[in-house]
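Colleague: I'm new to this one, so please take me through it slowly, starting with the spaces inside.

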Amino acid sequence: MQRSGDLRRRVALIAATLLLAPAWLGAQQVQRVTVTGTVLQAENRQPLTGAQIVLRGTTQGALTGADGHFSLQASVPAGNYTLSVSYLGRRTANVPLAIPSRGTVAVPAIELEPSAVELSEVVVTAPGAGAERRTLGNAVSSVSGAQVNRTPAALSVGSALQGKITGATITQTTGDPGAGVTIRLRGTNSINGTAEPLIVVDGVLIDNSTEAMTSLNANASRGGAAIGSRLTDIAPEDIDRIDILKGASAAALYGSRAKNGVIIITTRRGQQGKAQVTASTDFNTSATPKEYALNMASKAGWADQTYAGTPMGTPVTRYDIQDQVFRRAYGNNTMVTVSGGSGGTTYDLSGNYMTDQGILRSTDYTKKGFRARLGQQLGNSLNVAAMGNFIQTDAHYMPEGEQTTGVLTSIIFTPTAFNPAFNATTGRYPYNPVLGPNPLEILADWQAPESVVRFLGNLEANYQVTDKLRLHVLSGLDDYRQEDKFYQPPFSQSAAFGGSIENPIRMSRQTNTDATAVYDATIGGVGSNTTLGFRSTSSRIEVLGASATNLPPGLDILTGANQAASQSIVEILTRGAFLQEQLSLADRLFLTGGANMEASSAFGTNQRWQLFPRLNAAYSLNQEPFWKNGPLGNMFSTLRLRAAYGETGGQPPSAYSRFNNYTNVSFGGQPGFVASATAGNGDLKPERQREIEAGFDAGFLRDRANIEFTYYDQKTTDLVLNVPLPLSSGFTTQPQNIGEVVNHGVELTLRTVNVSGKRFGWNTQVSFAANRNKVTKLVTAGDTLLTGYLNVVVKGQPLGVFYGGMYERKPDGSIFYKKLAVAGFADSLNLPMRRRAHFPDGSYNIAGTALNGIIGDPNAKWTGSINNTFTVGPNVQFNVLFDGRFGNKVANFSRRISEYFGADAHDAKEITGDTVPRTFALNPAGRISIYEEYVEDGSFVKLRELAMSVHIRQQWARLAGAASADVRLAGRNLYTWTKYSGLDPEVNLFGANTVAQGVDFANTPIPRQFVVGVSLHY
């Protein structure tokens, strides 16, 4: 601890030195000068919204508004400068600029040409700090607000990013409205912790919870996953830019919450100038891309005889009720924004209202939001701003997935000879003959609403102390209240079912305060940029749960014969500081080193302070004279080499694992406590990740083509696992930092400007990423940790591989069949056998111990996407995006259950004599436990986006009283190419669960959507 104390004193000394720098540097106080101008597309002179304007050599900048206009407030001494203007997909323009001692400078219109190289743009790397991409040794992916905003029918930020980030696997786990996504950056690196990246919105560290409040998807006992996630609360239309820090070096300054990467979202901000008003509305329609293929044989089969008493072979009426379960859904998204500024004040206001029906009847989602950002220049050097975002969402879900109470689940569990229609004679829906409720009863009478009221806000100040020293202070708040309900009426499952209700409430408050000092200097021709920051965060989550069973008929409130209540409170506090130094040699070699020192209340007492270092280098080789003038310079218009090393951490899975905990119990009507069987650990540390990455950026054909390549080697140690203890200790297990997992892979992005003309333009981006994951250490080498159904953690294998029953096979690899005498059949049935322990002579032992093995990997071997953007004239644009995953497996539990209970189309083959009876339905040889059969190839390619946008010129837009207008026609998830037999290979029963991935069990498929919209600009 002495070493940590010395480090803290050193950090404090450096902070004091920087904050007192103006006194001993004798730096010059300056006046504020306003720089204005307009940025246009070179090929058609249309305005560019969201272009970055930066005064080179400083951190002062601005963004262009909807009309391409910008106004930059510069606090620098009079002199000659360079104005850098950049935009994703455009060649950066460097404009010489003479700044007077005071007044206003008007810059002539700046035209940006299409380019595949994007090295001069500024990316956000730390609170209050940014850096030009060319100076970074680590890869940072960026997506512009325009790319997010024009994504068709993507009503959440996560889905809008699908296919746009190399190295990111983004999965929409269910097709329900308001559904969340899971995001994996460079693989999965935790077993019991989270694998989701840290989300930062305008400097506010937000809660992106994926924990289920009620068990609507996967049973809570198996790690229930929420259908929605809180990232869906952020309106994509409000976003100006997204920067993704994938590697440990890039994310190290965010410390113990950045092990899974960081997604930094910057929302729009107002610019000086007249008010810009935009009103837009989109209408969408959705439908299921596929329905289950059901057994529609005209005669009864074994399942019909077993559950309905209908003799085999007799005529039977069958029912496919999917048209009563699925529907064509409709939605609308309307938004109004007002942005502008004058007299040192800037503002950006927006309001949105969205409704979205689900393709599953009785499901829908509504979101209302209002956002405001106000900025004010105070004097020459101080700028203050405040942002507030109020969001209210209301969703209505239906249970699905592994539960027997799900809507689609009931369909696959039930023989199709069962008629579920409402019976007017009995006055109710008939009971399911197998198990669970009638699916039409669920849609008609069950309730599963969710309501969220949320506020995101920040207060920030930027103080230009001198022309070289800038201070930034930000305080952020993320506060929300989530209320859920799950009501199952009495008698809705059986005559003996008394009904149940759950009413959980989740209250989350998360705050962060950041203070950053940035100092720029040039010493002996070497540029220096020093960043010092302090951060304090707090998180408090309180969950109140109440439930009741055996309810009185007709009441859907919390009352009943058996009532229960619970409460939990989790608080985590972190404190830390970071220091970063960047050196620039000849404006072509950049060296960056930094460290983050952080303490968390979740760390053990003996491991309270943790250090996370980073080091990276970037070298613009094409700037060297020998390169420019040589043959390689003619081949490569740009060549940048980069390398990076960094360490980050992940909070322990439980906030209080450092303590011996106690459980509240009742004894004789009096309160009491019982010690937990899990021992506390005062030496518990964060899960630590170290990563080495290296790569290059190469431009060809005068930067009309660019290749970005990265190789990374990532090792995550100190994974928290429960270690068995001797019973003499009084405990059974203790969480310890003992596990290890590695990820290594490559990322390759190719961007090309194929055609660039006034009449036609064509840009392409191709992405490829491959990741290999392996568990290298568990508690013991022989551990097999089961999560969910089949997903396991085993040393030497990727996280979450499928492990289960396999076919017995002949020496040639074909499936082994055996004749079995089966009751009800005169002849023996030739049925496939499960692998078992053999007799000593090697022959098959039908009573032998059933053997399991690894039967597939849900992790994709590689992912890819191709995005083409076409422009026709100055006013028409087309966008086509394909993305896919390859080499991954999906466990099709929907097919497994529907075959076993006679509902699947395969069961009709038994009835028509096309296959051996009972091969599928109620197979007596236990085919249902041969999981190898149901682990299918989950590779797919999706036509994710197809969109057309038409810009309406003023003479036509004037008919609507607008200065201009845009009309959009688009489709999303239009078609899927796959061998997978289920509804959708992308969905996952267990949502964001770290290990349980690739499981499809009656999940709502992701809908096929069409959109038409219009935007009016005033």
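Colleague: By class, what does the lining of the second largest cavity have?

Modeller: The lining has six nonpolar, 10 polar and four charged residues, where Ala, Val, Leu, Ile, Met, Phe, Trp, Tyr, Cys and Pro count as nonpolar, Asp, Glu, Lys and Arg as charged, and the others, Gly among them, as polar. Please keep in mind that this is a predicted model, in which local features need pLDDT of at least 70 and side-chain atom pairs count only at pLDDT 80 or more, while totals for chains, interfaces and linings use all residues. Residues are numbered from 1 along each chain as its sequence is written, and side-chain values use heavy atoms, with hydrogens and water left out.

Colleague: Which residues lie nearest the centre of that second largest cavity?

Modeller: Of the 20 residues that line the second largest cavity, G163, I165, A168, T863 and D883 lie nearest its centre, and the space in this cavity comes to about 210 Å³. Strands β12 (168–172), β38 (760–777), β45 (862–872) and β46 (876–886) each give at least two residues to its lining; strands here are DSSP runs of E with at least two residues, helices are runs of H or I with at least four, and both are numbered from the N terminus.

Colleague: How many cavities of 30 Å³ or more does a search of the whole structure find?

Modeller: The search finds 12 of them. A cavity is a set of points, on a 1 Å grid over the protein atoms alone, where a 1.4 Å probe fits but cannot get out, and lining residues have an atom within 4 Å of a point. The volume is the space filled by probe spheres set on the points, which are joined across faces, edges and corners.

Colleague: And what volume does the largest cavity have?

Modeller: The largest cavity has a volume of about 270 Å³, and of the 26 residues that line it, L155, Q172, D176, G178 and D356 are the closest to its centre. Its lining has 11 nonpolar, 11 polar and four charged residues. Strands β20 (345–357) and β21 (364–378) each supply at least two residues, and the largest share, three residues, comes from β20.

Colleague: Changing topic, how many salt bridges does the structure hold?

Modeller: There are 50, each being a side-chain nitrogen of Lys or Arg within 4 Å of a carboxyl oxygen of Asp or Glu. One of them joins E693 and R186 at 3.0 Å, N to O, and this pair links distant parts of the chain, with E693 in strand β35 (residues 687–700) and R186 in the loop between β13 (181–185) and β14 (198–201), 507 residues apart.

Colleague: Are E693 and R186 buried or exposed?

Modeller: Both E693 and R186 are buried, a word that here means under 20% relative accessible area, with exposed being over 50% and partly exposed in between (1.4 Å probe, protein chains only). The two also belong to a network of salt bridges that links R186, K246, R640, R642, E691, E693, D697 and E747. Elsewhere, R134 and E132 meet in a salt bridge of 3.1 Å, N to O, and both of these residues are buried as well.

Colleague: What about K715, which residue does it meet in a salt bridge?

Modeller: The side chain of K715 meets that of E740 at 3.7 Å, N to O. K715 lies in strand β36 (residues 705–724) and E740 in strand β37 (residues 733–756), so the pair ties together parts that are 25 residues apart in sequence. K715 is partly exposed, at 28% relative accessible area, whereas E740 is buried, at 18%.

Colleague: Last one, where is R918 found?

Modeller: R918 is in the loop between α13 (907–912) and β48 (935–937), and its phi is near 65°, a positive value in a residue other than glycine. R918 is buried, at 10% relative accessible area. A586, in the loop between β29 (562–585) and β30 (589–600), has a positive phi too, near 60°.

Notes. 1 Å grid on protein atoms, 1.4 Å probe; cavity = no way out; pocket = protein on both sides within 12 Å on 5 of 7 lines; lining within 4 Å.
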